[in-house]
Amino acid sequence: MRRVSIFGATGSIGQNTIDLIARDPGAYDVVALTGGKNIAQLAEDAKKLNAKVAVTAFEDCLAPLRAALAGTGIEAAAGEAALIEAASRPADWVMSAIVGAAGLAPGLRALETGATLALANKESMVCAGPLVMQTARRHEARILPVDSEHSAVFQALIGEDISAVERVVITASGGAFRDWPIEALASATPDQAATHPNWDMGQRITIDSASMFNKALELIETKEFFGFTPDQIEAVVHPESLIHALVGFRDGALMAHVGPPDMRHAIGFALHYPDRKALPVHRLDLAQIATLSFRPADEARWPALRLAREVMQTGGLAGAVFNAAKERALDAFIEKRIGFTRMTDVVEAVLNKLSAHPGHIDAGITLDNVREADHLARQTADDVIRQANWNN
Ligand code: NAD
Ligand code: MG
């Protein structure tokens with residue numbers, strides 16, 4: 001039986017992972033499931049999958065979790081240290097699907113045990129790509145991308161000579177506002193931004209799709225994961241979300257990965273790799289789809305893409321600063337303290353402020369330095385938001 005753990009089990013990726021695992025009950029020995037505040041879901045899944053331990057990220061949720069698991073023999077635990085302890089437990093395959101920079105430390109710990117890490121938490125790569133890759137190499141652990149674009153690139157590269165790659169094109173749906181007039185974006189609400197045309201995902205990543213911060217993170221993730229240079233990586237808007245990415249080779253060929261917008265493909269690919277097992281995803285009827293369309297990824301509409309290029313060029317801790325400032329700007333937008341288009345203004349201001357001080361962005365990428373940069377960027381973002389009083 002394969003030992004598996006799922007970090008962020010109660011989220012959108014976590015639930016899709018559980019859907020696949022639960023279809024094959026005899027095949028998996030579930031070690032740890034982790035979640036946040038949705039204790040009912042966490043406890044229900046821990047019981048269904050007979051997990052050894054269920055962990056909530058939040059200490060104040062421990063009592064309800066204990067109560068929900070009473071008499072089952074399943075351990076209950078809470079807090080950051082408990083997440084790390086759960087990541088230390090031997091497993092063959094670990095899903096990293098916590099949202100945000102909070103996913104970094106448990107993912108690193110899982111790699112240190114030599115487990116295969118299925119990486120949905122793109123923020124790990126953005127904040128600390130070189131550290132994540134080095135930890136995997138040192139412990140001979142494999143990382144498999146779960147972000148659909150990166151799974152697509154990974155699949156297009158199988159059997160290929162990476163030095164023959166000219167470029168990588170990742171696609172973007174364009175999110176909720178792709179057809180809005182640019183002038184209307186400033187007054188867009190969190191509810192409007194949290195509606196995705198094609199994918200059913202968590203609230204934060206859905207809003208990040210509307211602002212293209214998600215694609216910005218993915219451009220950086222592409223650089224860190226595959227080692228391509230920033231000028232080899234492009235984004236294109238593809239409203240149908242059927243082509244997930246394309247890899248262009250030096251002979252001019254473009255290899256595209258095509259499939260329905262269902263994360264169970266990328267999760268299942270990572271779960272069964274190197275085998276390809278049958279997956280319960282819809283099969284595309286191309287004649288019915290009839291057309292696939294593309295538009296330029298306009299940096300005037302989506303300035304987050306321009307910032308991603310700058311971050312890729314700067315390197316070092318710029319990714320950690322970018323992600324942390326984005327997380328705080330997103331919090332402020334969700335809480336209606338700033339307008340939609342102000343999110344990029346906040347992130348740009350934080351990058352500029354911290355680049356001006358040596359050591360904040362150009363220090364080495366250790367977990368401590370990443371944490372410090374993350375902390376400082378959050379504080380700076382909060383200051384920028386407070387001082388600017390940007391609620392439009
Ligand atoms: P989600 O919001 O639906 O779920 C997030 C999970 O993380 C939940 O289990 C939640 O309890 C947990 N969590 C939240 N805050 C936490 C904290 N501080 N500490 C520990 N755990 C915490 O998110 P999601 O959409 O499933 O996305 C998860 C990750 O996968 C993100 O990094 C996202 O960018 C990436 N991703 C998601 C999709 C998708 O289709 N949803 C696609 C590609 C990549
Ligand atoms: Mg993606």
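Into which domains is the chain divided? In this predicted model, domain 1 spans 2-145. Domain 2 is built from two segments, 151-261 and 298-388. The C-alpha centres of the two domains lie 24 Å apart. Their contact draws 21 residues from domain 1 and 25 residues from domain 2.

The interface between domain 1 and domain 2 buries about 1,900 Å². Carbon and sulfur atoms account for 70% of that area. On the domain 1 side, Lys122, Val126 and Pro145 lose the most area to domain 2. Together they make up 34% of what that side buries.

Polar links across the interface were also counted. Three residue pairs are in polar contact between domain 1 and domain 2, both residues at pLDDT 80 or more. One salt bridge is found across the interface. Lys122 forms a salt bridge with Glu218, with the closest N and O atoms 2.8 Å apart. Helix 5 (104-112), helix 6 (122-138) and strand 7 (143-145) each supply at least two residues to the side of domain 1 that touches domain 2. Helix 6 gives the largest share of that side, ten residues.

Glu218 also takes part in a metal site. The magnesium ion (ligand 2) has three protein donor residues: Asp147 (OD), Glu149 (OE) and Glu218 (OE). These donors lie 2.1 to 2.2 Å from the ion. In sequence, the donor residues follow the spacing D-x1-E-x68-E. Asp147 and Glu149 are both buried.

Key
Residues are numbered from 1 along each chain as its sequence is written. Chains are lettered from A and ligands numbered from 1 in the order in which they are written. This is a predicted model: local features need pLDDT of at least 70, side-chain atom pairs count only at pLDDT 80 or more; totals for chains, interfaces and linings use all residues. Side-chain values use heavy atoms; hydrogens and water are left out. Donors are N, O and S atoms within 2.8 Å of the metal (3.2 Å for Na, K and Ca); water is not among the atoms, so sites may look incomplete. Buried means under 20% relative accessible area, exposed over 50%, partly exposed in between (1.4 Å probe, protein chains only). Domain bounds come from an automatic or database domain assignment. Contact means heavy atoms within 4.5 Å. Buried area is the accessible area (1.4 Å probe) that two parts lose on being put together, summed over both. A salt bridge is a side-chain nitrogen of Lys or Arg within 4 Å of a carboxyl oxygen of Asp or Glu. A polar contact is a pair of N or O atoms within 3.5 Å; within protein, one must be able to donate a hydrogen and the other to accept it, and residues adjacent in sequence count only if both atoms are side-chain atoms. Helices (H or I, at least four residues) and strands (E, at least two) are DSSP runs, numbered from the N terminus.
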